[in-house]
Amino acid sequence: MGIDGIILMDNNGRPIIQSGFRSTSPAYPLVHVDAVNDALSKALRPQDVDPVIHVPSLNIGDAPSACCHLQSSDVRVLCSISGNVDPLFGFAFIQTFLDILQEYFGTVSAATLRENFDTVYQLLEETLDSGGHPLTTSPNALRDIVLPPSLLNKLLSVAGANINTTINSGSGLGGAGGPFSSPIPWRKAGLRYTANEIYFDIVENLVAIINRNSVTLSSNVFGKIEANAKLSGTPDCILSFTNPNVLVDCVFHPCVRLQRWSQHKSLSFIPPDGKFILSEYRYAPNASRASSTVTPASSSREGVTLPFALKPEIDLQDYSASFNIIFTSRLTAKSIENVLIEMNLGEGASGIKCVASRGTASWAFDSQKRVLKWEISNVPPSSSWNLRGSFSTPTIAPRPSRALQVHFDIPTHTFSSLKVDQLKVSGESYKLYKGFRGRSTGNVEWRW
Amino acid sequence: MSIRAPRKGENYELSVDLNSEYREKRKDAIKRTIASMTVGKDVSGLFPDVLKNMQTDDLEQKKLVYLYLMNYAKTQPELVILAVNTFVKDTDDPNPLVRALAIRTMGCLRAEKIIDYLCDPLQKCLKDENPYVRKTAALCVAKLYDLKPDLVLDNGFLDQLLEMIADSNPMVVANTVAALTDIHVSAIGSGASSEDSGYFTITTSILNKLLIALNECSEWGRVAILNALARYQAHDEKESEHICERVVPQFQHANGAVVLAAVKVIMIHMRKVHREEMTRQLVRKMAPPLVTLLSSPPEVQWVALRNINLLLQKRPDILQNEMRVFFCKYNDPLYVKVEKVDIMVRLASENNVDALLSELKEYASEVDVDFVRKSIKAIGQTAVKIDAAAERCVNVLLELINTRVSYVVQEAVVVMKDIFRKYPKTYEGVIPILCSNLDELDEPEAKASLIWIIGEYANTIDNAADLLGIFVDSFTEEAYPVQLQTLTAVVKLFLIKPDSSQAIVQRILNTATKDCDSPDVRDRAYIYWRLLSMDPAAAKAVVLAHRPPISIPRTTVAPSLLEELLGEVGTLASVYHKPSETFIGKGRIGADAVRNRAELGDDQLSAQKALQTVAAGQQAENLLDFDDASTIEGQPSGLAATGILSQTPAAANIIAGTSTNPLDDLVSIFGGGDSGSSGGLAPAPMSFGGGGFGGMGQFGAGAPGALGTAGLSNMPPTPATAKPNMHPEQQEDLLGLF
C-alpha cells in the first residue's frame, strides 16, 4: 500500500536510478518500466499517454498496481503505487522529489543524476520509506542529513581531476541541538544570520483564451507569493495587504495561521528558512462579490485586460499558406519581455519562409514538433511588431493549428495589483531588510 | 570466502581499493561499487570488502555501505549476519542520525537472522529522546510486523505504538498512525483480526489526538491522518459535523494530495450530517480547491478533473458558474481535453449553452481526429440535455456537415440519429442534407445511423426505397450492424409503403436468410419474415412501435456505485470511476474492503449488489475480449490493455461514445432484481450513444438465448423482457458492435 517506489528514467526509457523496492519482488520495477515504455511507444504523441497507467501483476496472487508518470526535461519520473491510494499522492511526491533535486543540483537532467548518483540515492533513502511512506521532504531538514554536492567537488570533477574528496564529511553533524529537535517542524532551531532579510515575490500567471473576434473567452490569474527568508531566531511575521479582497481560493504554506487569515485577512506566520511558497491564490477581478463566499467565484466573465493585442492574418491556399501576424503592446509604461509566439503548422509543413520586422525579434521552426516559434526579447511600451511568412504543405488543404500560443513576462507588474501594506516582525529585536517585488507571466491562446 | 574472484578485472580493482589504507580511496571505491550496482553489474562478491568499511565516522560513507547491504541482503543473508554487531552498536551512537539510520536499515534488510537482533534496539529507539529516531522506529515496527507478526505482539510494540499517538511531536504521531494503519490492514488481510476488533480501532480519544496533530504535521503526515479519519465511525451527527469542521481548513493546503484526502473525509462524514445548510456549505467549499488544481501540470489536472467529474454527478450545481475554467486549450494533452469536454457538457445550462456550442464548434475544427469526434458527440449530448438549445445544436451540426471533412460528417450523422431519437418528427428538414452525404460514409456506425434515420422517416423521404436499395445491393459486404439496420429499415419501409416496396423486402429477406454469415442477422430476418407472413398487423405493432425518447445520463455510473465512489474521492477508484475491488483484485486489501462493506447498513446493500454484478460482468467481458480484436483497436493506453479494466477512462470514452460506462450496462442487465429506484434508473441513460462493450460481453457470455431476444429489436416493451427501459435501438447497437 502506498508508494512502492520511484524510478528515474532517461529519454530512451532506461532507468537511471530507482529507489529500493524492498518490499516487492525484483521484477516489480521492471514491469512498471515496461508498462510505461509500452504505452509511450503506442501513443501517437507522448504527451497524450494517460498519466496513470494500470500495471497488471506478474503473479496471479499479487494485486495489480498503477504507475504515475511525468516528464521533466529529459527525465521521466515513474512512481509506482499499489492499493487504492490517491494518484495525486504519487504525483505530489514526484513533484516534491523533483523540487528537492532542483534545490540540490540546480537542474534536473539525466546527466546531473548520473553524475550525482550517490547523493540521489541518499535522498531517495531519506525521502521515501520502503513501506511506502514519504519521510523527510522539507529541503531545510534534508540539508542536515544529506550533504549537497559541494562546489569544490564540482570544480574538481569539471577540471578532470577525479578526486572525490571527503571535505564535507562529518561537518558539524550531531552538533548543537541536533537535527529534528526544533519545536516547529518547518524551521530549524538556532538559526543565525549576519544580515537578516526577507524577500517576497508576487508572481501571477495569466491563463486566457481569446477567440477570433478578440473577445476573451476565459481568463484566470493564478498567483503565488514566493518568499525567501534569511532570518535569525524565530521571528513571527504578520503580512498585511491593502487590498486582500482580490485574493480568492487561497492555499497556504502550513506555517500560515489560517484563523488569522479568515478573521483579519492578514498572513501571520513563522517562516521556514530559505525559499518557500507562502501562498497561492486565484485573482478574481470582481472580488467584492466573490470574496463573500456566498457564490463560488465567477471571475471568468469580466476577466483582466490583456497587456497586448494580436492580429493574425492567415491565408490558406492549396498546398500552401501565408501569414502576417502583428503583435502590439497595450501597455503604456512597462515593456513586455520574453514574448514567445508559437504556431503549429500541421503535418508535413515545409519550406517555411519568414521575415520578422525588427532586428531583436527572431523566428525558428521546430521540425520535429512542427512548431513555428517567434521570439521577441523585449517589447517596449505601445510598440508594434510583425512576422510575415509562408509555408507549403504536401496536402491540398493546409491544417495549421487554429490557435496561436503566446507566452510572455512582464517584470514589476501584477494583474491583481495586490499591494503589501506592511510586514511586522515580532519576537526578534534585530533590524531586517524587507523586499517586495511583483512579476507577471502569461500563457494566452489566441484563436484565429 | 573460499572462491575469490580472479585477480584481475574491475571487481578485483575495486576490492583492492576497498581495502586501501587511505580513507578517501576507500570511499571512492564504495561509490564506484554502488555505481556498478546501479547499472546492474554483479558486485555481490565484494560483500566482505564493503562490510569492512561499515565502521566509520563518515556518515555519508556509512549510508553508502548500508545501501549496498540492503541491496544484497536478500541474496546473501548469511553474510549480513556479520554486520549485526555494527548495527546494534550504531543504535547506541550519540548522533541521532546514526541511530535512526541503523534502525531504519535493520528494518529494511528483511533477513530472518537479523530480525532476532532487532527487538532490543527497537525497544530503545521507540523511547528515544530524539523525535527523529522515534518516528523512524515507529515505521520500523510496521515492517517487523510484516515479517514476523508474533515478535511485534510478544514484545508489546503494538501497545507502545498506541501510546505514541499521544506523542508531543506531531511528526511522530503521523508516522505512528501510518505504521498502525499498515499493521491494521495487513492483520485484517491475513485474518489475524477483524475490522471490529482490529489492532488499530480509532476511539474517541484517539480521534481528538489525531485532529490536533492534523494541523501541525507535514503534508504526508496529514494524508496518513486523514486516511485514518476516513475510517472512523462517527457516533452521532454532532461528531460528524465536528470532524468536518476540523478537516475543512485542510482544503487550503498547497499539496493536492492533502486536499483530496480531506475531500474524501468530508464526503464520508457528510453522509451522517443531515442539516441541509451545513451540507451545502461543505460542498461549496470543496469546489474552489479542486478548481485551483487546474493550474497545476496536466497530470495533476487530470486527476482533479476525474474527481470533479464524479462530484458533479452527485452535485451538479457546485461549479455552475465556472464552465469557462474548463475550456480546452490547443496544447492540452488529449486526456485532459476529453475530461474537460465531459465536464463542460455536465455544466451546460440554458444560460451558458451558446458559449459552450461555439467552443465545441471550435474544437471540431481541430486536427486531432479523436478529439474532434468527442466534441461532436458533446454537441449531440448538449442537444439531448437542453431542449431549448436543440435547434442551435442542429444548426452547428449542419455547419459541420458542410465542411465535408469525412470523419466530421460521419460523426455528425451518428449524433443526428440520437437527436432524432430524442426529438422525433422535429428536424425532418435536415434529412435531405444527411442523405446527400450518403456516398461519403464508410464507417459502419455512421452508415447504420443514416439507415436507421431513413427507415424511421421512410414516409417523408420520397426516394427511401432507392436509398435503401444501395445498401441492399451491397448487403453481404457490409458490417453486421449495417446489415441489421438495413434489414429493419427495409421492413419499416415495407410496413409504411407496402405497395412500392414489396420487391425490396422480398430481396433482403432472401439475402439475409440465405447468404449471411451472422446468426444474429439471419435470426432477425427469419423473425421478420414470419411476422410479416403470419400477421402483418402484429408486425406493424412490433416494428413501428412507439419508442420513448432518450435522455442524457446524469451519472456515468450507477447511482449506488456513485455513492460508493464518492466515499473514495481522491483514490484510484475515483479516478478509474470503478470500485476498488475491480482493480485491486483478490489481494489483501480487496478482502479488507469486502469485509468492510459487509458491516454497512441496509442503505449500502444495493451498492454491494451492484459491485458484485460488476465484478461478475467484467470477468465475462474479459473472456470475450480475446476473440474480438476489433474492440481492442484504438485503445492506446496501459489502462485499457489490462484484463480487468477493459476500458480506459480517458481514451475509451472517445470510442464508446459518450462517457458511457460498461458498468451501467451490466448493472442494468443483471441488476434487474434491485431495480426499485436505483436499478431502474440505470438503463435509461444508457440508451444514448453507441452502447457499451460491457453489455455485450454479458449477452455473449451469459446466455446464447439472450441473443435471440435482443435480435427482436423492435419488440414493444413488455414486462416479460424484464428490461422495460432498454431502448430497442440500444440493443441493436450492442449487437452491432460485436
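User: Leaving aside neighbours within four places in sequence, which residues is A:Asn344 in contact with?

Analyst: This is a predicted model, in which local features need pLDDT of at least 70, side-chain atom pairs count only at pLDDT 80 or more, and totals for chains, interfaces and linings use all residues. Residues are numbered from 1 along each chain as its sequence is written, chains are lettered from A and ligands numbered from 1 in the order in which they are written, and side-chain values use heavy atoms, with hydrogens and water left out. Contact means heavy atoms within 4.5 Å. With neighbours within four places set aside, the residues in contact with A:Asn344 are A:Lys369, A:Arg370, A:Val371, A:Pro400, A:Ser401 and B:Tyr330.

User: In which strand is A:Asn344 found, and how far in space is A:Arg402 from it?

Analyst: A:Asn344 is found in strand β14 of chain A; strands (E, at least two residues) and helices (H or I, at least four) are DSSP runs numbered from the N terminus. A:Arg402 is 58 residues away from A:Asn344 in sequence. From C-alpha to C-alpha, the two are separated in space by 8.5 Å.

User: Which residue has its backbone nitrogen 2.9 Å from a polar atom of the A:Asn344 side chain?

Analyst: A polar contact is a pair of N or O atoms within 3.5 Å; within protein, one must be able to donate a hydrogen and the other to accept it, and residues adjacent in sequence count only if both atoms are side-chain atoms. The residue whose backbone nitrogen lies 2.9 Å from the A:Asn344 side chain is A:Gly346.

User: How many bridges join β14(A) to β17(A), and which residue is the bridge partner of A:Val339?

Analyst: Two strands pair if DSSP finds at least two bridges between them. β14 (residues 336-344) and β17(A) run antiparallel and are joined by 8 bridges. In β17(A), the bridge partner of A:Val339 is A:Ile376.

User: What is the phi of A:Ser73, and what is that of A:Ser382?

Analyst: A:Ser73 sits in the loop between β4 (65-72) and β5 (75-82) of chain A, and A:Ser382 in the loop between β17 (371-379) and β18 (384-392). Neither residue is a glycine, yet phi is positive in both. The value for A:Ser73 is about 45°, and for A:Ser382 it is near 55°.

User: Why is one side of β2 and of β3 of chain A left without a neighbour in the sheet?

Analyst: The open sheet has 5 strands, in the order β2-β1-β5-β4-β3 (chain A), with antiparallel pairing. β2 (15-18) and β3 (52-55) stand at the edges, so one side of each lacks a neighbour, as each has a single partner strand.

User: What is the strand order in the open sheet of 3 strands in chain A?

Analyst: Strand β8 (residues 236-241) pairs with β10(A) in the antiparallel sense over 4 bridges, and A:Leu239 has A:Leu267 as its bridge partner. The order of the 3 strands is β10-β8-β20.

User: How much area do chain A and chain B bury between them?

Analyst: Contacts link 98 residues of chain A with 97 residues of chain B. Buried area is the accessible area (1.4 Å probe) that two parts lose on being put together, summed over both. Of that area, 58% is on carbon and sulfur atoms, and the total is about 8700 Å².

User: How many salt bridges does the rule find across the interface of chain A and chain B?

Analyst: A salt bridge is a side-chain nitrogen of Lys or Arg within 4 Å of a carboxyl oxygen of Asp or Glu. B:Glu359 forms one with A:Arg447, their closest N and O atoms being 2.7 Å apart. Across the interface, the number of salt bridges found is 7.
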